[in-house]
Amino acid sequence: MPYPHTGPTGLGQIGQQAVQVIYQHRLVSTGQLHQLITPHHTRAEYLRRQLHALRKAGLAETVGRRTSGQTELLWWLTDKGANAVESVGLLPQRPYRMSPEAAQGPLQEHTLATVETGLAFVDWSRRLGHECGPLDWSPETAHYYRDDARPGEDLSLVPDAVLNYVHTQAKQRTLLTFFIEVDRTQMTIARLAQKLHAYAAYHDFVPQQPSGRGPRASRRTTSTPAWRYRYPAFPRLLLVLTGASEERLARRIADLRSLAASDPALSTTGLRAGVTTLNHLRDRGPFEPIFTPVLGPAAPVDAWLKPATTAH
């Protein structure tokens, strides 16, 4: 999907794209940038020159990542770089700013795994003739709601990413929106199940509107769920597991399904949720039956999350 690339001056088009992608996703490896921006190039020399030009101009900085004994550079924007992107106004402004401490901190691998998940969708969209580009997912977008189980509290649901994907078949184009949750087996399975509960609560949340003025003003309940003000249809929830062996991840999926089945709030929800592994997503793509439904029968489905016996 083409994007305008106006940004900091003095850079080539590849450099302009890199600035925007790094701004959007906060911390991105050289290899990920190569696959996202220059997949048609066998080697990444030109991209690396552009990245080092960003660093020389004070727009970007790097930290190291050690994987299998090799050092890989991870790129993030300085305040100068972030200000340059925001001054153009092409991307929604992000409330966070990366720092050397955050780039090297405990969330480094989680951030990179989220980028890797989005990259899998981009890669398969190219192979399948669909549309999903490097800027078509947005990390950590807050969704506010209330939960009957916690009355009086204002709660915030923050998916690891909200991803937009245009599925094309013949002349039919369908915009699919996904909530993405990436689990590196760092949290307990009970905490992961609590996230499912939060998505179900957000699905059902209907905001109250003020009625009248003054201290005695009452609040009236509308019939429109909060999510309808943001999405034409409620996004499908995809949980992507990584960070352990396939056998351990399979056990984790089974445990998650068991906990979800015991949650009364999930017994009647309209939430559609599926779980897979990052390896399956990369190797087979989202439109193969790689997702295990979190609720109901365990027969694998694709990212449409429709029952296996139902045609698209």
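Visitor: Is H1 mostly covered or exposed?
Guide: Mostly covered. In this predicted model, twelve of the 13 residues of H1 are buried.

Visitor: Which ones are buried?
Guide: Ile14, Gly15, Gln16, Gln17, Ala18, Val19, Gln20, Val21, Ile22, Tyr23, Gln24 and His25.

Visitor: How far does H1 reach from its first C-alpha to its last?
Guide: H1 covers residues 13-25 and reaches 18 Å, close to the 18 Å expected at 1.5 Å a residue.

Visitor: And what follows H1?
Guide: Arg26 does, and its phi is positive, near 80°.

Visitor: Switching to the sheet. What is the strand order?
Guide: The order is S4-S7-S8-S11-S12-S13, in an open sheet of six strands with mixed pairing. The edge strands, each pairing on one side only, are S4 (137-139) and S13 (292-293).

Visitor: In which sense do S4 and S7 pair?
Guide: Antiparallel, over three bridges, with S7 spanning residues 161-169. Pro139 stands opposite Ala161 in S7.

Visitor: Now salt bridges. How many are there?
Guide: The count comes to twelve. One of them joins Arg173 and Glu131, whose closest N and O atoms are 2.9 Å apart. Arg173 is in strand S8 (residues 172-183) and Glu131 in the loop between H6 and S4, so this pair ties together parts that are 42 residues apart in sequence.

Visitor: Is Arg173 buried or exposed?
Guide: Exposed, at a relative accessible area of 52%. Glu131 counts as partly exposed, at 25%.

Visitor: What about Asp183, which partner does that residue have?
Guide: Asp183 forms a salt bridge with Arg252, and the closest N and O atoms are 2.6 Å apart. The pair links distant parts of the chain, with Asp183 in strand S8 and Arg252 in helix H8 (residues 246-261), 69 residues apart.

Visitor: Why does Arg252 count as buried?
Guide: Because its relative accessibility is 11%, and buried means under 20%. Asp183 is buried too, with a relative accessible area of 3%.

Visitor: Last one: where does Asp123 lie?
Guide: In helix H6 (residues 108-128). Asp123 is partly exposed, with a relative accessible area of 25%. The C-alpha atoms of Asp123 and Pro39 are separated by 9.0 Å, though the two are 84 residues apart along the chain.

Note on methods. Residues are numbered from 1 along each chain as its sequence is written. This is a predicted model: local features need pLDDT of at least 70, side-chain atom pairs count only at pLDDT 80 or more; totals for chains, interfaces and linings use all residues. Side-chain values use heavy atoms; hydrogens and water are left out. Helices (H or I, at least four residues) and strands (E, at least two) are DSSP runs, numbered from the N terminus. The expected span of a helix is 1.5 Å times one less than its number of residues. Buried means under 20% relative accessible area, exposed over 50%, partly exposed in between (1.4 Å probe, protein chains only). Two strands pair if DSSP finds at least two bridges between them. A salt bridge is a side-chain nitrogen of Lys or Arg within 4 Å of a carboxyl oxygen of Asp or Glu.
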